[in-house]
Amino acid sequence: MSTARVLLVDDRSENLLALEAILQGLPVNTIAVTSGEEALKRLLAEDYAAILLDAQMPGMDGFETARHIKQREKTRHTPIIFLTAADRDAHLAMRGYSVGAVDYITKPFDPWMLRTKVKVFIDLWAQGQALRQTSERTKDLREREGLLTKRLDQVRDALAEWQEGREADPEIERILALLEPGPV
């Protein structure tokens, strides 16, 4: 199974370095970008367990970036945690939630709290990956079962056809009985 990725989006490189340090040691690859536009490009190429997104950036701000993320089918369910240096402004927080954020954290924040929240999304991503693999394996097994059943039907038909017009052969009768569908 591949390693989860978390996308870090902030226009300030020192903030990106701090986020990478906070997440260090978790089973995750962090990808740091400095703009909403760059984040959207990355999201086209790769899947992410979570996105840590600065709300206030020049150009495309975090809110507009989040809106684009949630409009795309591929990224619609990727969790977004907004991070902002703005004072606790209920309006900004509500704006963040309205564009699809799962959390809105103002600085300064407890790094252990952020780390714990991100770990939850990493774990959920890993469970989703495991479910997808199990689903694919189940689908493959069902297809193989169908092919084997079809082949058994062909063998049964061929044996029955071969036996027609011949004397009753107890061994062929036994084989045909084994090939009949029944309780397993």
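Author: The sheet is open and has 5 strands in the order 2-1-3-4-5, with parallel pairing. Strands (E, at least two residues) and helices (H or I, at least four) are DSSP runs, numbered from the N terminus, and two strands pair if DSSP finds at least two bridges between them. Strand 2 (28-33) and strand 5 (103-106) stand at the edges with a single partner strand each, so one side of each has no neighbour in the sheet. From one strand to the next, the twist averages 20°. The model is a predicted one, in which local features need pLDDT of at least 70 and side-chain atom pairs count only at pLDDT 80 or more, while totals for chains, interfaces and linings use all residues. Residues are numbered from 1 along each chain as its sequence is written, and side-chain values use heavy atoms, with hydrogens and water left out.

Strand 1 (residues 4-9) pairs with strand 2 in the parallel sense over 6 bridges. Its pairing with strand 3 (residues 50-54) is also in the parallel sense, over 4 bridges. L7 has a bridge partner in each of these strands: I31 in strand 2 and I51 in strand 3. Strand 1, helix 1 and strand 2 form a right-handed β-α-β unit; right-handed here means that, with the strands pointing away from the viewer, the path from the first strand over the helix to the second runs clockwise.

Helix 2 (residues 36-45) lies across strand 1, strand 2 and strand 3 and runs at about 165° to strand 1. Helix 3 (residues 62-71) packs on the sheet, where it touches strand 3, strand 4 (80-84) and strand 5, and its direction makes about 175° with that of strand 4. Contact means heavy atoms within 4.5 Å; axes are lines fitted to C-alpha atoms, for helices over the stretch in contact, and angles run from 0 to 180 degrees between N-to-C directions.

The axes of helix 2 and helix 3 come within 9 Å and cross at roughly 20°, which makes the two helices roughly parallel. Angles under 35 degrees count as roughly parallel, over 145 as roughly antiparallel, 65 to 115 as roughly perpendicular and the rest as oblique. G36, A39, L40 and L43 of helix 2 meet T65, H68 and I69 of helix 3. The residues of this contact comprise 4 nonpolar, 3 polar and no charged, where Ala, Val, Leu, Ile, Met, Phe, Trp, Tyr, Cys and Pro count as nonpolar, Asp, Glu, Lys and Arg as charged, and the others, Gly among them, as polar.

The peptide bond from K107 to P108 is cis, with omega near 0°.

Helix 1 (residues 13-23) packs against helix 5 (residues 111-163) at an angle of about 70°, with their axes 9 Å apart, so helix 1 is roughly perpendicular to helix 5. Their crossing is right-handed. L19, I22 and L23 of helix 1 make the contact with P111, L114, R115 and V118 of helix 5. By class, these residues are 6 nonpolar, no polar and 1 charged.

Terms used
A crossing is left-handed if the near helix is turned anticlockwise from the far one by less than a right angle, and right-handed if clockwise.
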